[in-house]
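Hi everyone, thanks for making time for this.

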Amino acid sequence: MFTFAFRRPVVLAACVAAVLSLGACSLFSKDDTRYDPTPLTDYKPGMSVRQAWSVSVGSGGGYGFYPTVVGEAVYAAAPNGTVGKYDLLSGRALWRADAKTDLTAGAGSDGTTTVVTSRAGDVIAFDDTGKQKWKVRATSEVDEPPLVNSGLVVVRSGDYRISAYDARNGERMWSVQRPGPALALRTSTQMIMAQGLVIAGLAGGKMMAISADSGNVQWEGTVATPKGGSDLERLNDVVGAPRLIGPLMCAVAYQGRIACFDVSQGGRTVWAKEFSGAVGLGADESAVYAPDSHSIVHAYSLQDGTELWKQSGLRNRHLTAPVSIGPAIALGDYDGYVHFLSRSDGHLLARLSVGGGAVLSPLQTTSQGVLVQTGNGNLVMIGAN
């Protein structure tokens with residue numbers, strides 16, 4: 001459920017892309033079942049989950065679409081150009097807008113400025129009535145949700161450039177670019193802002209922390225080092241969103257490692273394990289949780305990386321990164337199901353279908369439950385107790 005993207009003008013064969021999305025093509029025998037999704041099985045319910053509300057945001061979905069929760073409001077967008085603000089308690093639309101173009105990512109918001117990006121590379125900002133404030137052109141297509149925080153709009157474009165714009169008027173404030181590999185994953189990635197730093201995982205297994213004020217790079221860390229002779233073998237992107245828990249920041253790389261760094265000590269590596277993840281990780285005060293490239297879910301001690309448990313009952317179901325809620329972690333899958341696993345030992349506690357095809361957007365824990373953006377453009381709130 002994730003694909004390749006070439007960052008230089010190289011033609012990508014459709015069959016090669018299907019390999020990474022665990023598809024078929026002639027590379028695998030029709031009798032090869034290694035990549036078949038595990039069928040759903042019966043289980044003893046350990047928690048109660050229900051659909052609290054559902055609302056249509058627009059049409060379609062994708063990795064770049066991630067609703068943002070600010071206070072009691074949800075800001076969301078869809079590929080067909082719709083952008084909106086919704087009530088967190090009920091799902092009622094508070095305003096809707098039309099970007100008048102197909103979108104690749106959104107919606108980033110701080111509750112005052114809401115931002116989406118278009119296929120043409122436009123960064124489009126709306127005020128909190130749904131009126132367009134400004135539009136600027138990025139250096140290339142943006143397929144990662146914009147980060148809106150501290151008066152800045154930060155976007156990462158396909159040419160490996162991270163740029164910050166003034167949220168008031170779209171004036172570019174700073175820009176940082178690093179060289180990148182020819183081949184990169186097209187999957188869920190996000191930047192975060194913490195302690196005045198924009199923190200981003202990069203292609204090639206690197207992490208970077210940039211001063212939000214000046215654009216100066218404060219530190220760089222290595223999650224994983226590319227290995228092998230071909231572009232495919234050396235594919236080593238940091239995926240998902242970095243997670244900050246106290247002084248520790250944790251991240252995962254495809255065909256690389258899962259690692260935690262101490263940001264109070266300049267990004268010193270605290271622990272790292274060989275790992276290959278495709279969608280990122282979740283974390284709480286005691287553990288880090290991550291599905292590997294085959295959707296086997298692993299839990300590691302936050303402090304030292306000791307493996308606590310492993311759950312293979314959802315193998316090859318193309319899980320999202322997990323989020324914590326109560327006694328569980330929640331993960332979406334390729335068939336529109338959200339699964340709830342025990343944080344203590346990984347056993348299945350609950351399951352709910354939200355429909356709409358594959359859940360590609362990362363889930364979010366909110367005060368009302370788990371928020372899901374489905375593959376067909378719906379927002380669904382799952383209440384749990």
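**Rings, strands and a few buried residues**

Let me begin with the rings: the count comes to 5 aromatic pairs, where rings of Phe, Tyr and Trp (its six-membered ring) pair if their centres lie within 6.5 Å, and planes under 30 degrees apart count as stacked, over 60 as edge-to-face and the rest as tilted. One of these pairs is Trp 134 with Tyr 165, which is tilted, at 6.5 Å centre to centre and 40° between the planes. Trp 134 belongs to strand β10 (residues 132-137) and Tyr 165 to strand β13 (residues 161-166), so this pair ties together parts that are 31 residues apart in sequence. Both Trp 134 and Tyr 165 are buried; buried means under 20% relative accessible area, exposed over 50%, and partly exposed in between, with a 1.4 Å probe and protein chains only.

Before I go on, a word on the ground rules. This is a predicted model, where local features need pLDDT of at least 70 and side-chain atom pairs count only at pLDDT 80 or more, while totals for chains, interfaces and linings use all residues. Residues are numbered from 1 along each chain as its sequence is written, and side-chain values use heavy atoms, with hydrogens and water left out. When I say strand or helix, I mean DSSP runs numbered from the N terminus, helices being H or I with at least four residues and strands E with at least two.

Ala 138 sits in the loop between β10 and β11 (147-149). Is Ala 138 buried or exposed? Ala 138 is buried, with a relative accessible area of 9%. Leaving aside neighbours within four places in sequence, Ala 138 is in contact with Gly 121, Val 123 and Tyr 165, contact meaning heavy atoms within 4.5 Å. Ala 138 and Ile 192, on the other hand, are 54 residues apart in sequence and 19 Å apart in space, C-alpha to C-alpha.

Now to the wider region. Over residues 80-311 the chain is 0% helix and 54% strand, and the end C-alpha atoms are 37 Å apart.

Next, an open sheet. Four strands form it in the order β24-β25-β26-β27, with antiparallel pairing; two strands pair if DSSP finds at least two bridges between them. The edge strands, each pairing on one side only, are β24 (282-283) and β27 (307-311). β24 pairs with strand β25 (residues 287-291) in the antiparallel sense over 2 bridges, and Gly 282 stands opposite Tyr 289 in β25.

In β26 (residues 297-301) we find Ser 301. Which residues does Ser 301 touch, not counting residues up to four places away in sequence? They are Trp 271, Ser 286, Ala 287, Thr 306 and Leu 308. The side chain of Ser 301 also makes a polar contact with the side chain of Asp 304 (3.2 Å); that term covers a pair of N or O atoms within 3.5 Å, where within protein one must be able to donate a hydrogen and the other to accept it, and residues adjacent in sequence count only if both atoms are side-chain atoms. Ser 301 counts as buried at 14% relative accessibility.

Trp 271 takes us back to the rings: Trp 271, Phe 275 and Tyr 300 are linked by ring pairs into a cluster. Trp 271 is buried, with a relative accessible area of 5%, and Tyr 300 counts as buried at 5% relative accessibility.

Last stop, a hairpin. β30 and β31 form it with 5 residues between them, and Gly 346 in the turn has a positive phi of about 85°. Strand β30 (residues 337-342) and β31 pair in the antiparallel sense over 5 bridges, with Leu 341 opposite Leu 348 in β31. How many of the 6 residues of strand β31 (residues 348-353) are buried? The number is 5, and the strand is mostly covered.
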